[in-house]
Amino acid sequence: MALKKLKLAIFISGRGSNMLSILEACKDDAYPAEIVLVLTNRPDAKGIDIAKEHGIPTEIIDHKAFSSREDFEDEISERLENYDIDLIILAGFMRILTASFVEQWPDQIINIHPSLLPDYKGLDTHARAIADGKTEAGCTVHFVIPDLDSGPNILQRRVPILDGDTPETLAERVLEQEHKIYPEAIKIIAGV
Ligand code: GRF
């Protein structure tokens, strides 16, 4: 019997390396998910070109064209209706979603964050961890709830902070782990 795959919409704002790691995982016939849409709020997002090169449908909705967050999200919701979506994957999507949008997708939006949540919610996670003299950083995939970076964790990976680490060197090593845990987390949700 053919595997029933989770249909993913990936939301990005930038380079899209996490999107690419999921895209690579989806190439395996046995992987329990497929990408049906990549959506961005940034017309210049590099990841959108990567998605197009792979023949994945894309939607570009420039948030600057809308006078409110609600109008922007209404447009997202309208476009999503054209696709059959099981799960929304936030992968470097740099817009905060309103409670009203999040509540339309209960347990169906997940995010990857470059810290060991609940530590270091928000931005500049690596710089803050280094400044605090921490010995460990990491990344977390979690369900999205209206409170920022606060939903239940699905998967987390720890990365040691080394002597001489800068936010950039640490980010690079954490990103390698992000690329592993995001496809794994989707498998967990698929029940595999
Ligand atoms: C990642 O570090 C992710 O944890 C954070 O934003 C970055 C996105 O990178 N939420 P990319 O666009 O997936 O390369």
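## Reading a predicted model, feature by feature

User: Where does Asp 124 lie, and what is its phi?

Analyst: Most residues other than glycine have a negative phi, and most peptide bonds are trans. Asp 124 has a positive phi of about 55° although it is not a glycine, and its place is the loop between S5 and H5. Helices (H or I, at least four residues) and strands (E, at least two) are DSSP runs, numbered from the N terminus.

User: Which peptide bond is cis?

Analyst: The bond joining Leu 117 and Pro 118 is cis, with omega of about 15°. Pro 118 also lies in the loop between S5 and H5.

User: What is the phi of Asp 149, and is that residue buried or exposed?

Analyst: Asp 149 too has a positive phi of about 55° without being a glycine. You will find Asp 149 in the loop between strand S6 (136-143) and S7. Asp 149 counts as buried because its relative accessibility is 9%.

User: How should I read a pocket, and what is the volume of the largest one?

Analyst: Rolling a probe the size of a water molecule over the atoms shows where empty space is left. On a 1 Å grid over the protein atoms alone, a cavity is a set of points where a 1.4 Å probe fits but cannot get out, whereas a pocket is an open set with protein on both sides within 12 Å along at least five of seven lines; lining residues have an atom within 4 Å of a point. The largest pocket here has a volume of about 950 Å³. Of its 35 lining residues, the closest to the centre are Gly 92, Met 94, Ile 112, Pro 114 and Leu 123. Volume means the space filled by probe spheres set on the points, with grid points joined across faces, edges and corners.

User: Which elements give two or more residues to that lining?

Analyst: They are helix H1 (17-26), strand S5 (109-113), helix H5 (125-131) and helix H6 (167-190). H6 gives the largest share, 4 residues. By class, the lining has 16 nonpolar, 12 polar and 7 charged residues. Here Ala, Val, Leu, Ile, Met, Phe, Trp, Tyr, Cys and Pro are nonpolar, Asp, Glu, Lys and Arg are charged, and the others, Gly among them, are polar.

User: Which residues surround the ligand?

Analyst: Around the ligand are Arg 15, Gly 16, Ser 17, Asn 18, Gly 92, Ile 112, Pro 114 and Glu 178; a residue is near a molecule or strand if one of its heavy atoms lies within 4 Å of it. An oxygen atom of the ligand is 2.5 Å from an N or O atom in the Arg 15 side chain. A polar backbone atom of Gly 16 is 2.9 Å from a ligand oxygen, and a polar side-chain atom of Glu 178 lies 2.8 Å from an oxygen atom of the ligand.

User: What makes a pair a polar contact?

Analyst: A polar contact is a pair of N or O atoms within 3.5 Å; within protein, one must be able to donate a hydrogen and the other to accept it, and residues adjacent in sequence count only if both atoms are side-chain atoms. In the protein, the side chain of Thr 40 reaches the backbone oxygen of Ile 12 at 2.8 Å. Thr 40 is in strand S2 (residues 33-40) and is buried, at 0% relative accessibility.

User: How many salt bridges does the structure hold?

Analyst: Side chains of opposite charge can pair when their charged atoms come close. A salt bridge is a side-chain nitrogen of Lys or Arg within 4 Å of a carboxyl oxygen of Asp or Glu, and the structure holds 8 of them. One joins Arg 157 and Glu 184 (3.3 Å, N to O). That pair links distant parts of the chain, with Arg 157 in strand S7 (residues 153-160) and Glu 184 in helix H6, 27 residues apart. Another joins Arg 173 and Asp 165, whose closest N and O atoms are 2.7 Å apart. Arg 173 is partly exposed at 23%, whereas Asp 165 is buried at 12%.

Terms used: Residues are numbered from 1 along each chain as its sequence is written. This is a predicted model: local features need pLDDT of at least 70, side-chain atom pairs count only at pLDDT 80 or more; totals for chains, interfaces and linings use all residues. Side-chain values use heavy atoms; hydrogens and water are left out. Buried means under 20% relative accessible area, exposed over 50%, partly exposed in between (1.4 Å probe, protein chains only).
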